[in-house]
Amino acid sequence: MKSDKISEAVVRRLPIYLRYLSGLQRREVATVSSQELGQKLDLNPAQIRKDLAYFGDFGRKGIGYDVAYLIEKIRHILNLDQQINVVLIGAGNLGQALSNYNMYLKENLKIVAVFDAYGPKVGTLINSLKVQPMEELSTTIQQHNIRIGIITVPEHEAQQVADKLVEAGIGAILNFAPIILRTPANVRVHAADFTTDMISLAYYLDNGKEDLDDAKQSNTEVDH
Ligand SMILES: NC(=O)c1ccc[n+]([C@@H]2O[C@H](COP(=O)([O-])OP(=O)(O)OC[C@H]3O[C@@H](n4cnc5c(N)ncnc54)[C@H](O)[C@@H]3O)[C@@H](O)[C@H]2O)c1
């Protein structure tokens, strides 16, 4: 069953389930309980059961979930039972690192083309892909049925690159540039924001200490 009504929170958890389950499958583990998933993934088992119930009732009491079946279901829901071609724009430091990091291959998501606007970069090889000029973007996207675009260009270039991707028919964008992209409602944009993550993490350095102090304080209060 594929439902349009799956919440974003659930969709975000599915890859986490999938990664853990794939590890189990590699170790030839056949079944897993929601308790184990909860423990390993730091999630509430009831939440996990609820998430997985969206896709039909395929957990069995006392036995748990069939790992291979669950993987198949989740991959289907995430559209990963087919190869999804990805294009990357901006073959700089980050773009090269992402192209070289082949996590995408594991899950049928594959960067199949890399583009850059800077002449000397065009024609160079990154992970066996030849960097292409922007003029070829639209044709390549259509030829290879590319569905997702990754943007790793400087901030001030990102919107116009996004516009080109949208014009070429791309339906989803992973944006690494530190700006909010404006796209039509039918184009999904996810932002990968290293800097804001780091900055908010810095906050917790001190806040974490306070939290610990609070916890200690309340423990002491209870003891008394
Ligand atoms: N989100 C994150 O976690 C994170 C981390 C580091 C960098 N960034 C961001 O990622 C982007 C890239 O960073 P970088 O360090 O790789 O930069 P970089 O300068 O090394 O690379 C940018 C590349 O984009 C190309 N480019 C510029 N304008 C273009 C255009 N209009 N069309 C196509 N290609 C174009 C350049 O020629 C260059 O090769 C920046 O926006 C940066 O702020 C994000």
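This is a predicted model: local features need pLDDT of at least 70, side-chain atom pairs count only at pLDDT 80 or more; totals for chains, interfaces and linings use all residues.
Okay, confidence first. The protein chain averages a pLDDT of 88, with 87% of the residues at 70 or above. For the complex, the predictor reports an ipTM of 0.96 along with a pTM of 0.86.

Now, the ligand. There are 25 residues around it, and the ones that come nearest are Gly90, Gly92, Leu94, Tyr118 and Phe194. As for which elements contribute, helix H5 (93-100), strand S5 (109-116) and helix H8 (155-167) each put in at least two shell residues.

An unreviewed UniProt entry annotates residues 16-55 as "DNA-binding region". In our model, that span is 70% helix and 5% strand, and its end C-alpha atoms sit 16 Å apart.

One residue I'd like to show you there is Asn44. You'll find Asn44 in the loop that links helix H2 (34-41) to helix H3 (45-53). So is Asn44 buried or exposed? Asn44 counts as exposed, because it has 12 C-beta neighbours inside 10 Å, and the cut-off for exposed is 12 or fewer. Look across to Ser34 as well: Asn44 and Ser34 are ten residues apart along the chain, and their C-alpha atoms are separated by 8.5 Å.

That's my tour; over to you.

Note on methods
Residues are numbered from 1 along each chain as its sequence is written. UniProt positions are given in the numbering used here, feature names are shortened, and annotations may be inferred rather than shown by experiment. Helices (H or I, at least four residues) and strands (E, at least two) are DSSP runs, numbered from the N terminus. pLDDT is the predictor's confidence in each residue, from 0 to 100. A residue is near a molecule or strand if its C-beta atom, placed from the backbone, lies within 6 Å of it. A residue is buried if 20 or more other C-beta atoms lie within 10 Å of its own, exposed if 12 or fewer, and partly exposed in between; C-beta atoms are placed from the backbone.
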